[in-house]
Amino acid sequence: MSILRDKNILLGVSAGIAAYKTASLVRLFIKAGAQVQVVMTPASKDFVTPLTLSTLSKNPVFSSFYDEQDENAVWNNHVELALWADIMIIAPATANTLAKMVSGDCDNLLIATYLSAKCPVYIAPAMDLDMYKHPSTIHSLQSLTSFGNLIIPAESGELASGLSGEGRMAEPENIVDFITKDLEGQSPLLNKKFLITAGPTYEAIDPVRFIGNHSSGKMGFEIAEAAARLGAQVVLVSGPTNCKASDTLIKVIPVVSAEEMYMVCHQYFYEADVMIASAAVADYRPKNIADQKIKKQEETLNIELIKNKDILQSLGAIKEKQFLVGFALETENEIANAKAKIKKKNLDLIVLNSLQDAGAGFGVDTNKVTFIDKDGQIETLPLKSKEAVANDLIAKIIDTIL
Ligand code: PMT
């Protein structure tokens with residue numbers, strides 16, 4: 001599967017003869033499973049028609065801030081376009097467009113969109129050989145690189161001027177190859193499968209009541225996002241939560257009770273490379289669930305509880321290749337309790353968080369954790385955002401398994 005699959009690719013076309021090659025480029029992106037939108041400079045429409053690119057991309061093509069011919073014209077929002085993009089590629093990028101990208105000379109929609117982009121931007125320059133070698137162009141390319149953009153080097157060959165040399169836009173296949181390799185390099189977890197649990201479980205008492213806990217799901221969703229950002233395919237089994245996964249590489253399976261979470265985890269565990277259990281699973285559930293709402297009668301009400309299966313322990317007992325990570329939420333004897341859980345549940349790593357630490361645990365956006373591995377190595381981290389803790393955990397797993 002191509003890493004470009006499901007990516008939103010924004011193609012910026014400026015006015016060079018190589019613009020005709022963008023028809024093939026759009027086709028290659030679509031074939032790889034990406035969604036493509038195109039923004040053109042006005043002059044580039046003399047080299048390739050918007051109709052060609054809109055037909056191939058299956059999306060309208062934008063070339064001005066609004067349609068002057070249309071009295072009901074709507075504003076083509078460059079910020080919206082830029083934020084939609086996972087990747088922006090400017091191809092061909094002429095000397096004029098490169099210079100405007102450096103100076104921020106924002107007199108067309110393409111430059112305004114580029115200046116609004118927060119995603120990685122790739123630039124495929126195209127011009128005649130002397131223009132390509134000119135100090136002005138070199139200055140533009142160096143400045144754009146220093147801004148964090150990636151240059152896809154021009155290729156050598158016959159040029160539109162009839163001269164031969166360096167300056168031809170990279171062939172569409174080579175552009176796709178360059179972007180694919182670059183994204184794969186940023187994706188050490190490509191093709192790795194993660195199974196992650198998050199949130200609380202609700203154990204029904206009657207049709208309207210349950211036994212639950214304060215887990216918000218934030219920690220588990222951040223871990224899923226951190227793994228997916230690095231290319232992992234993630235199955236996220238979550239108890240009831242308001243959290244939403246933004247990455248398309250995350251398949252969220254909502255569950256309610258510990259029993260449901262157990263079933264789904266066992267279904268996906270065999271194909272997982274890494275399993276991370278951050279859910280706060282109820283240890284007990286009511287023995288009987290009342291069919292009707294329990295009426296208020298006596299001064300006391302006794303509910304008999306029975307033990308739930310320990311999901312993590314059951315997976316530890318059958319694990320083969322899987323790297324198994326548990327969480328431990330403790331209130332006392334933290335390190336000793338966490339170490340005991342590593343043994344009992346056959347874990348490779350445990351993430352300890354203590355309710356003794358301010359800013360750690362349930363609901364909040366921060367956490368303070370200690371990593372303890374199966375050899376007893378301990379690493380205590382300061383209070384951080386849950387996003388930063390998730391990144392640290394994924395980095396630790398990568399260090400260990402790759
Ligand atoms: O969701 P948030 O609001 O962001 O809060 C995050 C968190 C505090 C819930 C999270 O950081 C955390 O600590 N999760 C584990 C909570 C917990 O249940 O800890 P435990 O020590 O009781 O369980 C140990 C491990 O066994 C955990 O990995 C747990 O998922 C797992 N377990 C426990 C019981 C059970 N029946 N099955 C399990 O798999």
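Reader: Is lysine 384 buried, partly exposed or exposed?

Author: This is a predicted model. A residue counts as buried under 20% relative accessible area and as exposed over 50%, with partly exposed in between. Lysine 384 has a relative accessible area of 24%, so this residue is partly exposed.

Reader: With which residue does lysine 384 meet in a salt bridge?

Author: A salt bridge needs a side-chain nitrogen of Lys or Arg within 4 Å of a carboxyl oxygen of Asp or Glu. Here the partner of lysine 384 is aspartate 392, at 2.6 Å from N to O. Aspartate 392 is partly exposed as well, with a relative accessible area of 22%. The structure holds 14 salt bridges.

Reader: Which parts of the chain does the pair of lysine 21 and glutamate 171 link?

Author: The side chains of these two residues meet at 3.0 Å, N to O. Lysine 21 lies in the loop between strand S1 and helix H1, and glutamate 171 in the loop between strand S8 and helix H8, 150 residues apart. Lysine 21 counts as buried at 10% relative accessibility, whereas glutamate 171 is partly exposed at 24%. Both belong to a network of salt bridges that includes Arg168.

Reader: Which polar side chain has an atom 2.6 Å from an oxygen atom of the ligand?

Author: That side chain belongs to asparagine 353. The protein buries 95% of the 780 Å² that the ligand exposes when taken alone.

Reader: Which element supplies the largest share of the shell around the ligand?

Author: Strand S17 does, with 4 residues. By class, the shell has 12 nonpolar, 9 polar and 7 charged residues.

Key:
Residues are numbered from 1 along each chain as its sequence is written. This is a predicted model: local features need pLDDT of at least 70, side-chain atom pairs count only at pLDDT 80 or more; totals for chains, interfaces and linings use all residues. Side-chain values use heavy atoms; hydrogens and water are left out. A polar contact is a pair of N or O atoms within 3.5 Å; within protein, one must be able to donate a hydrogen and the other to accept it, and residues adjacent in sequence count only if both atoms are side-chain atoms. Accessible areas come from the Shrake-Rupley method with a 1.4 Å probe; for residues, only the protein chains shown count as cover. Helices (H or I, at least four residues) and strands (E, at least two) are DSSP runs, numbered from the N terminus. Ala, Val, Leu, Ile, Met, Phe, Trp, Tyr, Cys and Pro count as nonpolar, Asp, Glu, Lys and Arg as charged, and the others, Gly among them, as polar. Buried means under 20% relative accessible area, exposed over 50%, partly exposed in between (1.4 Å probe, protein chains only).
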